[in-house]
Amino acid sequence: MDKTRILVVDDELVIRESLSDWLEESGYYVEAVENGYKAIEKVKGEEWDILLVDLKMRGLNGIDVMREVKKLREDIPVIIITGYPTVDTAVEAMKEGAYDYIVKPFNPEEIDLIIRNIIERQRLLKENILLRKELK
């Protein structure tokens, strides 16, 4: 099976590097970009399984990035990460279709568990589609 492809979008270099390192150590293929515009270009040009997007960035914020990504690929799970959590941004992120909303600093195991849940969910959806086709 191919490695799960994860795109990390954060304007803080230390977050991009540490998240990328953790995820690569867990066996995922990871790329990281520093802003929403680059993230959207990456989604236009390549297949991604999961996006981890910082909420507060210069230019496009994380929710704007998620909206644009969802226009391109509605099915892609987006996890919003933030160092500035509020109830309003959490509610907005979830209403706009975020898979999850995680507060910095976070535990790598927490991210890993969420990603494993996404992968399992995607596997079950694909299996369900195949079984429905076989029934027809």
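1. A residue is called buried here when its relative accessible area is under 20%. In this predicted model, the buried residues of helix H5 are Ile111, Asp112, Ile114, Ile115 and Ile118. Among the elements that cover them are strands S1 (5-9), S3 (50-54), S4 (78-82) and S5 (100-103), together with helix H1.

2. At the start of H5, a side-chain oxygen of Asn107 comes to within 2.8 Å of the backbone nitrogen of Glu109.

3. The largest nonpolar core has 22 residues, of which Leu7, Leu51, Val53, Val78 and Ile80 touch the most other members. At least two residues come from each of S1, helix H2 (36-45), S3, helix H3 (62-72) and S4. H3 provides the largest share, 4 residues. Beyond residues up to four places away in sequence, Val78 touches Leu51, Val53, Met66, Val69, Lys70, Ala98, Tyr99 and Asp100. A second, separate core of 17 residues includes Val8, Val30, Ile50 and Leu52.

4. Arg16, in helix H1 (residues 13-25), deserves a comment. Arg16 is buried but has no salt bridge, and Glu34, the nearest side chain of opposite charge, is 4.7 Å away. Setting aside neighbours within four places in sequence, the contacts of Arg16 are Val8, Asp10, Asp11, Ala32, Val33 and Glu34.

5. The salt-bridge count comes to 18. In one of these, Arg58 pairs with Asp11, with the closest N and O atoms 3.3 Å apart. This pair links the loop between S3 and H3, which holds Arg58, to the loop between S1 and H1, which holds Asp11, across 47 residues. Arg58 counts as exposed at 66% relative accessibility, whereas Asp11 is partly exposed at 25%.

6. Glu12 forms a salt bridge with Lys104, the closest N and O atoms being 3.3 Å apart. The partners are 92 residues apart, with Glu12 in the loop between S1 and H1 and Lys104 in the loop between S5 and H5. Lys104 is buried at 14% relative accessible area, while Glu12 is partly exposed at 37%.

7. Glu31 and Lys42 form a salt bridge whose closest N and O atoms are 2.5 Å apart. Glu31 belongs to strand S2 (residues 29-33) and Lys42 to helix H2, so the pair ties together parts 11 residues apart in sequence. Glu31 is buried, at 18%; Lys42 is partly exposed, at 23%. Through shared partners, salt bridges join Arg5, Glu31, Lys42 and Glu46 into one network.

Terms used: Residues are numbered from 1 along each chain as its sequence is written. This is a predicted model: local features need pLDDT of at least 70, side-chain atom pairs count only at pLDDT 80 or more; totals for chains, interfaces and linings use all residues. Side-chain values use heavy atoms; hydrogens and water are left out. Buried means under 20% relative accessible area, exposed over 50%, partly exposed in between (1.4 Å probe, protein chains only). Lys and Arg count as positive and Asp and Glu as negative; His and the chain ends are not counted. A salt bridge is a side-chain nitrogen of Lys or Arg within 4 Å of a carboxyl oxygen of Asp or Glu. Contact means heavy atoms within 4.5 Å. A polar contact is a pair of N or O atoms within 3.5 Å; within protein, one must be able to donate a hydrogen and the other to accept it, and residues adjacent in sequence count only if both atoms are side-chain atoms. A nonpolar core is a set of buried Ala, Val, Leu, Ile, Met, Phe, Trp, Tyr and Cys residues joined through side-chain atoms within 4.5 Å.
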